[in-house]
Amino acid sequence: MKEAVARADVRGVPRRRVDWISLLRWLILVIAVAIVVIPLTYLLLNSVKLPREFLTTPPTIVPSVLTPEHYASILSDPEFLGRFRNTLELTVASTIISVVVGTLAAYGLARLHVSPTVMTIVLFVFLFIRFYPRVTTVIPFFLVMRSFGLLDTVWAIVLGHLGITVPFVAWLLLIFFRALPFELEEAAMVDGASVLQRFWHVVLPLAAPGIATAAIFTAFFSWNEFLIASSVARNESAVLSMTVASFVTDKGIYWGPMAATSVVMIAPMIAFALLVQRFLVRGLTLGAVKG
Amino acid sequence: MAHADPLGGGSRRREGLWLAGFSVPALLLVVGVQLFPFLYSAFLAVQDWSLLRSPQPKGFAGVDNFLWVLADPVFQVSVRNSVMITGVSVVAEVVLGILLAYLTSGSTWRLRAIRTVLILPMVIAPVAAGTLWRMLLNTQSGLVAVLSGTTGLPSPEWLSDPAWARIAVIMLDVWQWTPFVMLVVVAGLAGIPGEVLVAAAIDGATRWQSFWRVELPLLMPVILVAVMFRTLDSLLSLDSVYSLTAGGPGYSTHTITYYIYNLGLRNFDFGVAAAASWMFMAFTTVVIVVMFRLHRRVDVA
């Protein structure tokens, strides 16, 4: 707090210039907010705009009447509903499995007393998996899934996602577990608690914020991901990220349904992001920002 | 051993087994879903195999696939596009991100609310962000065309003009990912001790001097990490280009990732696609190694 006060003093500028500078500051911030909010509002308006209003000259920005027809058309389309269900299944399955498997691995690694060299290699592998061109492994993964007969199943997408999210979760929680004081566990050890009991009763409650961050990041990833999903899913197990881009056809672009589908895809994530903002920021900047 | 051992040797060994067991599922996953496909793609890179011509690999191809890719004019165009799109995007994101980090630094509710709104583009599926911008930039009905029409600004054929289509891809990247740099710099700023700034002010540094001579050098490691994150993520992004321009018009927004995707998953030209992706990976690996070393240095500091 003292630091914040000191900083505010330094950042302050002589009284008379303050007005101009703070005016400019707020002007830029308002523009920045507008650049984020206006496109999203425009998308929302397009999703309730009559089809003919996309074609008028000059074009209609704010629809004269609000029509639910695009939502009605996608929600009555069994294909869309199937893809929505697949997306939900994918997100739930990959989040739960990633958190369980990744958390266990992180705890094991954090407490195994592995040598610094091994730890360095593990951390490098985590960073590498986060950043290498996934397009490299997508084709072999497609072939593997084909030979297992898993092609065009939600499980193929889940597996593909786990390859990315499990190392991510393990990385995040490894940092977290290494920062936890060992004394608490030691006390439990003296009381005769087994490694499982310690993990369950001592470590997990303390790690809850880290686990929340990991779960939230995984959920966002699986809901939004396109490359892996589009390579192993074709029809039966297709997901929303593949639908969104499918309204551009040879016969033209179906603007209304495209906007409505985008809203269905984007709106829950924005609502979710506003709810869990605190955890989200940590997940988004993992690796770039420590602690 | 750093910690006192309240257990006997036997139960410590049992503990070790449990802990190792904890890591097994994750290890199996990484081996099965990452390592195996990884090695498989190395195998594919030296095979003569296009699924459309043959259901099985037709045999060892040596470096033929690599030579084919290097000689492919589309590959050369894609590399040029990627360098240009990623280069301009990252520079713009860093400049704007630092600016926004400074302008939003503070903990009043207004500034916090603004930061919350500004990070929203990051949570949108890139493929949906691409369709959103496709709507905005549509020359017939898009908001951008309407705005430039009413304000008298030139209204280019955004997505059907090669140069403007590339600019559109850049705009989308900047729109979606400037908040990332902002978040990283905000965190970096929080790590600068207030005393340092006070000292600079006492020494008579102006606000501007304090930024250039004191804060920016202190922020540099954090900014570098952000630059590398954005460089790789931008190079590797596929979805936004796929839904915004589909690589067009012509090959004008083909990026390296889009090129490989097209070869492998549209044309099923596995051998050639794998060769291209390994060349691409050699480059990204260098960046990852640099980033890793830098990252560790920042961590120690």
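Biologist: Which average pLDDT does chain A have in this model?

Modeller: Chain A averages a pLDDT of 86, and 92% of its residues score at least 70. For chain B the mean is 87, with 95% of the residues at 70 or more. As a whole, the model scores ipTM 0.87 and pTM 0.88.

Biologist: Where in chain A is confidence lowest, and where is it highest?

Modeller: Helix α1 of chain A, residues 2-11, has the lowest confidence in that chain, with a mean of 46, while α4(A) has the highest, at 94. Over residues 1-10 of chain A, pLDDT stays under 50, and the model has 9 contacts beyond four places in sequence for this stretch. Where pLDDT is low, the predicted coordinates should not be read in detail.

Biologist: And which helices mark the two ends of the range in chain B?

Modeller: In chain B, helix α6 (residues 143-151) has the lowest confidence, at a mean of 81, and α3(B) has the highest, at 94.

Biologist: At what angle does α3(B) pack against α11(B)?

Modeller: For a helix pair, look at the angle, the distance between axes and then the residues in contact. Here α3 (residues 73-104) and α11 (residues 256-266) of chain B pack at about 145°, and their axes are 8 Å apart. On the α3(B) side, the contact is made by B:Val74, B:Phe75, B:Ser78, B:Val79 and B:Ser82; α11(B) brings B:Ile256, B:Tyr258 and B:Tyr259. Sorted by class, this contact has 6 nonpolar residues, 2 polar ones and no charged ones.

Biologist: How many residues does each chain give to the contact between the chains?

Modeller: Chain B gives 82 residues and chain A gives 84. On the side of chain B that touches chain A, helix α1 (residues 9-45) of chain B gives the most, with 18 residues. That side of chain B has 61 nonpolar, 17 polar and 4 charged residues.

Biologist: Which residues touch the most other members of the largest nonpolar core?

Modeller: That core has 164 residues, and A:Ile157, A:Ala170, B:Ala168 and B:Ala276 touch the most other members. Helix α7 (residues 154-179) of chain A gives the most to this core, with 17 residues. You can follow one member, A:Ala170, to its contacts: leaving aside residues up to four places away in sequence, A:Ala170 touches A:Gly102, A:Ala105, A:Ala106, A:Phe126 and B:Ala26.

Biologist: A:Phe126 belongs to α5(A). Which residues of that helix are buried?

Modeller: In α5(A), A:Phe126, A:Ile129 and A:Phe131 are buried. The helix covers residues 116-131 of chain A, and its 16 residues reach 23 Å from first C-alpha to last, close to the 22 Å expected.

Biologist: Is A:Ile121 buried or exposed?

Modeller: A:Ile121 is in helix α5 of chain A too. A:Ile121 counts as exposed because 12 other C-beta atoms lie within 10 Å. From A:Ile121 to A:Leu275 is 154 residues in sequence and 36 Å in space, C-alpha to C-alpha.

Biologist: And why does A:Asn86 count as buried?

Modeller: A:Asn86 is buried because 21 other C-beta atoms lie within 10 Å, and the cut-off is 20 or more. A:Asn86 lies in helix α4 (residues 78-111) of chain A. Not counting residues up to four places away in sequence, A:Asn86 touches A:Val154, A:Ser237, A:Ala238 and A:Val239.

Conventions
Residues are numbered from 1 along each chain as its sequence is written. Chains are lettered from A and ligands numbered from 1 in the order in which they are written. This is a predicted model: local features need pLDDT of at least 70, side-chain atom pairs count only at pLDDT 80 or more; totals for chains, interfaces and linings use all residues. Axes are lines fitted to C-alpha atoms, for helices over the stretch in contact, and angles run from 0 to 180 degrees between N-to-C directions. Helices (H or I, at least four residues) and strands (E, at least two) are DSSP runs, numbered from the N terminus. Two residues are in contact if their C-beta atoms, placed from the backbone, lie within 7 Å. Ala, Val, Leu, Ile, Met, Phe, Trp, Tyr, Cys and Pro count as nonpolar, Asp, Glu, Lys and Arg as charged, and the others, Gly among them, as polar. The expected span of a helix is 1.5 Å times one less than its number of residues. pLDDT is the predictor's confidence in each residue, from 0 to 100. A nonpolar core is a set of buried Ala, Val, Leu, Ile, Met, Phe, Trp, Tyr and Cys residues joined through C-beta atoms within 7 Å.
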